[in-house]
Amino acid sequence: MARIPKRWKWMGDLYIDVSPERAERICTAVLSDPSEPRPNGLRFSICLDSVDSLRLAKLYNVHDVFMLLRACDPVQQFAMLGSQTDDDAGMFKTFAAHLKRKHLCTYAHLFLDSVAVAILLVFPSSLKDLCMFLKVPRDFTQGDFMVAALIPWTLAADEYENMQLLRPRSPAPDNDLLDPALADTVHDAGHKLANRPFFYRALRVLKCPRDLLDYLSQRERPYCIWHSPADGTTKRPGFETSALQHVLKTHRAKNVGYKADVRFVFIHVGALSTFHKFGALAMRRNKQPELRFMTYGTHDSVHPERWGMRCIYPLGGVVTFTPSAILENLVGAYELIKKIAERPLWTCYILPSVVAMLAKLTCQGSHPLTLFDKGEFIFDELLELIESGKLSLLQAPPLSRALSGSDSAITWIGQQFKMLRMNARDILEECIALSRDQYANVQESELPLAIEREISRDLWNMQLQPVIMDEYRRFVVVNGRSDRFLTGDDNGVECVSLKQFDFKDDYYDKEANDSTKTTGKLRDPRG
């Protein structure tokens, strides 16, 4: 009488990784009821013949597994995974329920002769999309089961080793993706890594600083995020923004939108170019010193050195002037420039076209250089302030993904070095020449408005310069009564008269604000 073939079954301890160096035991597991294997393919009975335990990797979102499967051949065989004893049933059911609820899966490496040949993919039968993709037999999807799939790698180990181009050139340690202050915390998290995989992955993706997380943990912090369209839309944010939202939610922060008062504004690096549209930006930077701005994320329009999380717009500010502001109060403008030069957190500059416009409006038909040579040029002190370095003469550098090396950047740097060697007369001559070329096709009656628009555009471009973002908070245009365009806050730029201008940092005593400097300490306006 022929013997009835015995159905294959495997039993052994099942572990799951909780850190690169440590795993925790789940149960004594059983693989049973295997499906028919593919002809001439791998089988569970071959891969697990001398194996007494399985170690599952960390948990993965089901969508991430589809990328992994691109490196694999079709499934060779399916089996059901369960616990062997009633003592282990509770732990296994908890594990299975977590995978089902969170739409997660995991896998273990399978070896033959110490060479990785396949993975054992473990997932709940409730993941219908994955079951359809892998063509799981109907018997495995009719109930509430844990399914195990035997999936070989497409490349053999020796083939992979020979493909040098696929190897990382300088593999970075895992901790390099984290703030060093967080490395020990994550390493000691143990089973929490398995329970909150997206949170710990988000810490690495965003490179969250420890001090930010500590600050958020103190109390509920209102925030908003400016990310569209660089990283998804308002209704459907991209991966990096979703990761940030998850971290903030974990630390009790509350997204209150753009119109409410917030303590943090997070800006995706790819959305900085549209941040001037953020509501009441100039007013908030001016009147809410406790408000913090922080960039995050990556984008192909931004140099990699500017990726990740960093605080921007911290303290102080940048000031520039319209021609009418200087004409209406020449002495007041000079005094303000001198005060700004003394303050460590402030700087000021003027556009070459503004200097040329001042000369044009006051020389009454005479050539400005002729009047300068005669000692009759009314703005000679302005030129002296530029020559001495108290007032910078420049235009915003060109915006480019490259930190250096572009043609426009080289031209700008060359122009700045050229101006540094100039005396007062050369500065005036250069400003007139630059302005003449720049506005050759603009009618004389439209020059004042065109220059106002240039000032607004230039000061916004200045806000996007990395060194400026890292050092200065407010961006101010001192305007005059006759200005038509620069009359109100717009594009993140404050427009104020000389009388209205206020540093708001108590660097000077109120009583001596117009004369002497005190020895009082500078206060941090962030509080």
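Just after helix 15, Q364 adopts a positive phi of about 50°, in a predicted model where local features need pLDDT of at least 70, side-chain atom pairs count only at pLDDT 80 or more, and totals for chains, interfaces and linings use all residues. Residues are numbered from 1 along each chain as its sequence is written, and side-chain values use heavy atoms, with hydrogens and water left out.

Helices (H or I, at least four residues) and strands (E, at least two) are DSSP runs, numbered from the N terminus. Helix 15 is mostly covered, eight of its 11 residues being buried, where buried means under 20% relative accessible area, exposed over 50%, and partly exposed in between (1.4 Å probe, protein chains only). The buried residues of helix 15 include P352, S353, V354 and V355, together with A356, M357, L358 and A359. K360, by contrast, is partly exposed, with a relative accessible area of 43%.

## Nonpolar cores

A nonpolar core is a set of buried Ala, Val, Leu, Ile, Met, Phe, Trp, Tyr and Cys residues joined through side-chain atoms within 4.5 Å. The largest such core has 76 residues, of which V265, F275, F293, V319 and I350 touch the most other members. Helix 20 (residues 447-463) gives the most to this core, with seven residues. A second, separate core of 29 residues includes L59, F92, L110 and L120.

The surroundings of F293 can be described through its contacts (heavy atoms within 4.5 Å). Leaving aside neighbours within four places in sequence, F293 is in contact with V265, I267, F275, L281, C311, I312 and Y313, and also with R285, R310 and R473.

## Salt bridges

A salt bridge is a side-chain nitrogen of Lys or Arg within 4 Å of a carboxyl oxygen of Asp or Glu, and a search of the whole structure finds 15 of them. In one of these, the side chains of D17 and R55 meet at 2.2 Å, N to O. Because D17 lies in strand 1 (residues 10-19) and R55 in strand 3 (residues 53-56), the pair ties together parts that are 38 residues apart in sequence. D17 counts as partly exposed at 22% relative accessibility, and R55 counts as partly exposed at 40%.

R306 forms a salt bridge with D470, with the closest N and O atoms 2.9 Å apart. This pair links distant parts of the chain, since R306 is in the loop between strand 12 (292-296) and strand 13 (310-312) while D470 is in helix 21 (residues 466-471), 164 residues apart. R306 counts as buried at 11% relative accessibility, whereas D470, at 28%, counts as partly exposed. For E444 and K360, which also form a salt bridge, the closest N and O atoms are 3.8 Å apart. Here E444 is in the loop between helix 19 (424-438) and helix 20, and K360 is in helix 15 (residues 352-362), 84 residues apart; E444 counts as exposed at 58% relative accessibility. Elsewhere, D13, R25 and D88 are linked in a network of salt bridges.

Two strands pair if DSSP finds at least two bridges between them. An open sheet of five strands has the order 16-15-14-17-18, with parallel pairing. Strand 16 (392-393) and strand 18 (494-496) stand at the edges, each with a single partner strand, so one side of each is left without a neighbour in the sheet.

Strand 17 (residues 472-478) runs parallel to strand 18 and is joined to it by three bridges. Within this arrangement, V476 stands opposite E494 in strand 18.
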